[in-house]
Amino acid sequence: MLKLKGYFLAYLLILPSFVFLVALIFYPLGFSLYHSFQNWNLQISPVPLGFVGFGNYLNAFRDPTFLRSLANSLKLSIMATAIEFTLGLGVALLLNASLKGGNVIRAMLIMPTTVAPMVAGFLFRYLYYVDGLISYLLPWFGVSVPKQGILGHPSTALWAIAFTDIWEWTPFFAIILLAGLQSIRAEIIEAARIDGASFFRVLWHILLPNLTFVIFIIIMIRFMQTFNVFDIIYVLTMGGPGASTRTLSYNLYYEGLVNYNVGYASAIGWIMIIIIAIIINSFIIFAFKGKEL
Amino acid sequence: MNNRVRKAGVFVVTAAVVSTLLFGGTLCQAQKTTINVLSVQDPFWFALEKVVPQYEKETGVKVNLQGLAYDAMHAKLITSFIGKTKGLDVITIDQMWLSQYAENRWIVPLTSYIKADREEVRMNEFVPEAIHTMSEWRGDIYAMPIAPYGQFVMYRTDLLDQTGMQAPPTEPAAWWTWDKYMEYVEKFDQLGQDIYGTVIVGAQPVPIVHMYTQLAVSKGVRWFKQFPEAPWDFTPTINTAKNVEALKYYKKLYEHSPEESINYIWYDAGTAFSKKDIGIFFWWSPYGYLVRQAGYMVEEPSPNAGKYGVALLPFEPGVPQVYSLGGWTLGIPAYSVYKEEAWDFIKWATSGRIQKMMALTSPHQFNDFAREKLFTDEDIIEYYPWLSTQLYTLKLGNGKITRPPIPIYSTLEGFYGLQLNSALAGLKSPEVALADAETQFNLILKQNFYLPYGAASYDDTLESVEKLIQELSP
């Protein structure tokens, strides 16, 4: 009787969290899944007009703008995550070397991550202007700036968005990887050094293997976040010029909150969920194959 | 005991008196009606904000005036309609949204309200073209114009003197064609390295459509086979030789514009004209006063203030001239609980007296009238000397063919703007861009039951609106 009472109390205590979870996560997911099979455009009707099966999903894959958005999302996520990881690892290794003023540098380093993405977007919008600081500095490094501006040319606009994302989130990689590096026993590294191992051998054979779990988790998280990035695109380019910086998230926003095509937007949302789920699960299987979590 | 009871009694009475004094005022205040007005932050909002205290003084009704950016406001409106939120009493409606809101019954028709108050509303004072484009849908008035916009040309007088060319006309002139306009642009461009012939708006998806469609409609381009005259036929007609020519012309204008104008939204073009050296451009009529200032709705004058003139748009020989007509109206959401109070506010805000007050309030950044008599008011002309030109553009305005306000307009505009921007950016040729746009139009129109159009058409002509205005006038 006491045991039952205990279980009842436990369920009662977690009930509010469960209700919250259902209301804020499962209900919207269910709602969007249901309406992804409906023809519902608020521009022509305040209520759904009928069941269309997989029609919205098929329309997505027939829509050149959607396909372009998918390609841009993948390009941006892979590019940004790879660069953020590489730079973040470099910064973490430097900070791990116990430099003078390391604490101050660490504190300053985290600052870009604390800036709201919208604010970062506005900041970089001014820097990318034709007479902005970045446009002024790039020719010094041998990079020519298009006459239309960095954000005005299809060949540079996506890079500009990637750079903004890299500026903001590289410190995140650096801080997490630094924490990982500092958890590796110093004696192992010392022993390797005494045995004559070079920096790169230490990195490849000791540091990276010990950081595997951390690296995979952080890459996974950042890939998902970059795949879903919306705010800096909205502020910087609104998906232009043309559709050269239009990503799936921007497409979703546009279809849902500009065109009010609720059915189609719901289908895009679920396609994004499925794509991310496939990528992340494939990544987990590959990355953690044979390893215990 | 008696003492204690007496003390308690005194305490209770004192507490009651004090509470009444403290909170009674608040309660009375709380019972005062408050209406919520949601508006876009276009220039008229700033002018309205300054005169709203006058309304509160005159009527005792409190006005909670909230301004939002375009996209944010539209999103808030739609979510409030879907959620049947009762918190909005007066809303601003863009010209292209009226049909969607009316057909979904999200706003109430105002025809019966106008009939009841015809002496006060005075419909005969309104420019019929503004009512036709902005307020009327299927024979009913759904909203009252607070700020109609036409389009005209603005040019730098000091740069014009350097070219030696004659001033663009303020009245119709046979020589002022689009070819001639391009000559002016090229001449301005040759004046110096930092001088641009013109400036365009290139950002997709919406801003570019606003500017481009003025050029296109003037060159004879139409979106559909037949609209708004009955029977409606929404077969798209944007992939035509005329439109290809118009888009090539727009590309040529871009070649004489600041290169970054491919990303320019509405005010960016105005800022460029007010701060840089731009010879000539055409844009919405509020820019006639906006370019006087160094920034949007700031007091600081622009370096080019006093150095520009206003003229009519050029025309295409053999094509009847049409001006784009857009702007904002005030409507009442269906779920408002203060409809009568909302209507009173709308009548007040769109009245001649208040519109004049808004125009004369410093810093004189509003002259978007719908009542014809205000265009000849000497007090107002003193601050906005180009009013006769502006009135002319309204009287030749037809927003229903420039940007057809059918319920799925926003979706079509999105595709159109994307393709126009792609052509401008060199990603596609004009021919391919327009062909792609028309393909998308066909798909969207078919999916949304516009091709073929099975519902009843309405013969939506200026003549039918003039008749309606007459019926509603005193």
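Two residues are taken to be in contact if their C-beta atoms, placed from the backbone, lie within 7 Å. In this predicted model, Pro139(A) touches Ser144(A) and Val145(A) in that sense, when residues up to four places away in sequence are left out of the count. Pro139(A) belongs to the loop that runs between α7 (133–137) and α8 (154–182) of chain A. Because 10 other C-beta atoms lie within 10 Å of Pro139(A), and a residue with 12 or fewer is called exposed, Pro139(A) is assigned to the exposed class.

The confidence scores concern both the model and chain B. The model has an ipTM of 0.74 and a pTM of 0.85, while for chain B the mean pLDDT is 93, with 95% of the residues of that chain reaching 70 or more.

Between the two chains, 22 residues of chain B are in contact with 24 residues of chain A. On the side of chain B that touches chain A, α3 (70–82) and α19 (409–424) of chain B each supply at least two residues, and the largest share, 6 residues, comes from α19(B). When the residues on this side of chain B are sorted by class, 10 are nonpolar, 10 are polar and 2 are charged.

Chain B also contains an open sheet of 5 strands, arranged in the order β2-β1-β3-β14-β6 and with mixed pairing. The strands β2 (62–68) and β6 (144–149) of chain B stand at the edges of this sheet and each have a single partner strand, so that one side of each is left without a neighbour in the sheet. From one strand to the next, the twist averages 20°. Helix α2 (residues 43–59) of chain B packs on the sheet, where α2(B) touches β1, β2, β6 and β14 (326–331) of chain B, and the direction of this helix makes about 170° with that of β2(B). In general, the strands of a sheet pair through backbone hydrogen bonds, either parallel or antiparallel. Strand β1 (residues 34–40) of chain B pairs with β2(B) in the parallel sense, over 7 bridges, and the bridge partner of Val40(B) in β2(B) is Leu68(B).

A cis peptide bond joins Phe227(B) and Pro228(B), with omega at about 10°, and another cis peptide bond, with omega at about -10°, joins Ala230(B) and Pro231(B). Pro228(B) is placed in the loop between β9 (224–226) and β10 (233–236) of chain B, and Pro231(B) likewise lies in the loop between β9 and β10 of chain B.

A positive phi is found at His364(B), where the value is about 55° although this residue is not a glycine, and at Phe449(B), also a residue other than glycine, where phi is near 65°. His364(B) is located in the loop between α15 (352–360) and α16 (378–381) of chain B, and His364(B) counts as partly exposed because there are 17 C-beta neighbours inside 10 Å. Phe449(B), in turn, lies in the loop between α20 (430–447) and α21 (462–472) of chain B, and Phe449(B) is partly exposed, with 16 other C-beta atoms within 10 Å.

Key
Residues are numbered from 1 along each chain as its sequence is written. Chains are lettered from A and ligands numbered from 1 in the order in which they are written. This is a predicted model: local features need pLDDT of at least 70, side-chain atom pairs count only at pLDDT 80 or more; totals for chains, interfaces and linings use all residues. Helices (H or I, at least four residues) and strands (E, at least two) are DSSP runs, numbered from the N terminus. Ala, Val, Leu, Ile, Met, Phe, Trp, Tyr, Cys and Pro count as nonpolar, Asp, Glu, Lys and Arg as charged, and the others, Gly among them, as polar. pLDDT is the predictor's confidence in each residue, from 0 to 100. Two strands pair if DSSP finds at least two bridges between them. Axes are lines fitted to C-alpha atoms, for helices over the stretch in contact, and angles run from 0 to 180 degrees between N-to-C directions. A residue is buried if 20 or more other C-beta atoms lie within 10 Å of its own, exposed if 12 or fewer, and partly exposed in between; C-beta atoms are placed from the backbone.
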